[in-house]
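Hi,

Here is the structure I said I would pass on to you.

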Amino acid sequence: MTERKTAARVVVAGAVYGGGRLLAARRSAPPELAGRWELPGGKVEPGEREEDALVRELREELGIETVPVARVPGAWPLPRGHELRVWTVRLVSGEPRPLQDHDALRWVTASEAAPDGQGPAPDPVDWLEADRPAVRAVLALLGPA
Ligand code: 523
């Protein structure tokens with residue numbers, strides 16, 4: 001029998017940014033992830049384009065209309081054979097509200113999103129594991145605010 005490696009299932013997340021800040025969302029479920037912060041997004045359905053899944057998830061979860069701009073280089077492993085991919089997105093309309101899966105939103109500066117240990121102590125964000133390196137990649141792509 002030939003051994004086949006199942007392709008990683010993709011979870012796509014959005015880097016929504018504006019005014020030098022990045023949108024962070026605090027998960028309310030499941031219990032083991034509740035209270036931790038993430039770049040909002042979700043699973044890509046079979047046959048669905050990554051960008052379409054992202055636009056759908058951000059509409060469902062935050063009530064906003066967005067346009068994906070660029071895929072952030074890299075992919076980060078998640079539990080159960082999933083992988084996290086991130087796109088920068090442009091907010092087209094709506095004010096983000098935590099409608100589903102989240103109980104708080106926060107617009108964070110680069111130094112809050114990824115403290116470098118220098119300068120005044122910011123209020124750091126307790127990101128989910130995979131989001132920590134993903135956010136660094138986002139900031140590297142967006143450059144200094
Ligand atoms: N992550 C994660 N970071 C991140 C996202 C959007 C998701 O680590 N920025 C993880 C959390 C879960 C898995 O990816 O372990 C699936 O994300 P989830 O639950 O947001 O995906 P949904 O909303 O598509 O899941 P269902 O409600 O099960 O359909």
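This is a predicted model: local features need pLDDT of at least 70, side-chain atom pairs count only at pLDDT 80 or more; totals for chains, interfaces and linings use all residues.

**The ligand and its neighbours**

Start by finding the ligand, which sits in the largest pocket. The elements that each give two or more residues to the shell around it are β1 (9-18), β4 (41-43) and α1 (50-62). Of these, β4 gives the most, with three residues. In total there are 16 residues around the ligand, and R27, L39, K43, L78 and D131 come nearest. If you sort that shell by class, you get seven nonpolar, two polar and seven charged residues.

Now zoom in on the N and O atoms. Which part of L39 lies 2.7 Å from a nitrogen atom of the ligand, its backbone or its side chain? For L39 it's a backbone N or O atom. With D131 it's the side chain: an N or O atom there is 2.6 Å from a nitrogen atom of the ligand. The side chain of E57 also has an N or O atom to look at, 3.4 Å from an oxygen atom of the ligand.

How much of the ligand does the protein cover? On its own the ligand has 600 Å² of accessible area, and the protein covers 76% of that.

**The pocket itself**

The largest pocket holds about 690 Å³, and 26 residues line it. V11, R27, L33, L78 and L128 are the ones nearest its centre. Two or more lining residues come from each of β1, β4, α1 and β7 (82-93). By class, the lining has 12 nonpolar, three polar and 11 charged residues. You'll meet R27 and L78 in both places: they are among the residues that come nearest to the ligand, and they are also among those nearest the pocket centre.

Against that, look at the bond joining A29 and P30, which is cis, with omega at about -15°. You'll find P30 in the loop between β2 (21-27) and β3 (37-38).

The other one is R80. R80 isn't a glycine, yet its phi is positive, at about 60°. To spot R80, go to the loop between β6 (76-77) and β7.

Terms used:
Residues are numbered from 1 along each chain as its sequence is written. Side-chain values use heavy atoms; hydrogens and water are left out. A residue is near a molecule or strand if one of its heavy atoms lies within 4 Å of it. A polar contact is a pair of N or O atoms within 3.5 Å; within protein, one must be able to donate a hydrogen and the other to accept it, and residues adjacent in sequence count only if both atoms are side-chain atoms. Accessible areas come from the Shrake-Rupley method with a 1.4 Å probe; for residues, only the protein chains shown count as cover. On a 1 Å grid over the protein atoms alone, a cavity is a set of points where a 1.4 Å probe fits but cannot get out, and a pocket is an open set with protein on both sides within 12 Å along at least five of seven lines; lining residues have an atom within 4 Å of a point. A molecule sits in a cavity or pocket if more than half of its atoms lie within 2 Å of its grid points. Helices (H or I, at least four residues) and strands (E, at least two) are DSSP runs, numbered from the N terminus. Ala, Val, Leu, Ile, Met, Phe, Trp, Tyr, Cys and Pro count as nonpolar, Asp, Glu, Lys and Arg as charged, and the others, Gly among them, as polar. Grid points are joined across faces, edges and corners, and a volume is the space filled by probe spheres set on the points.
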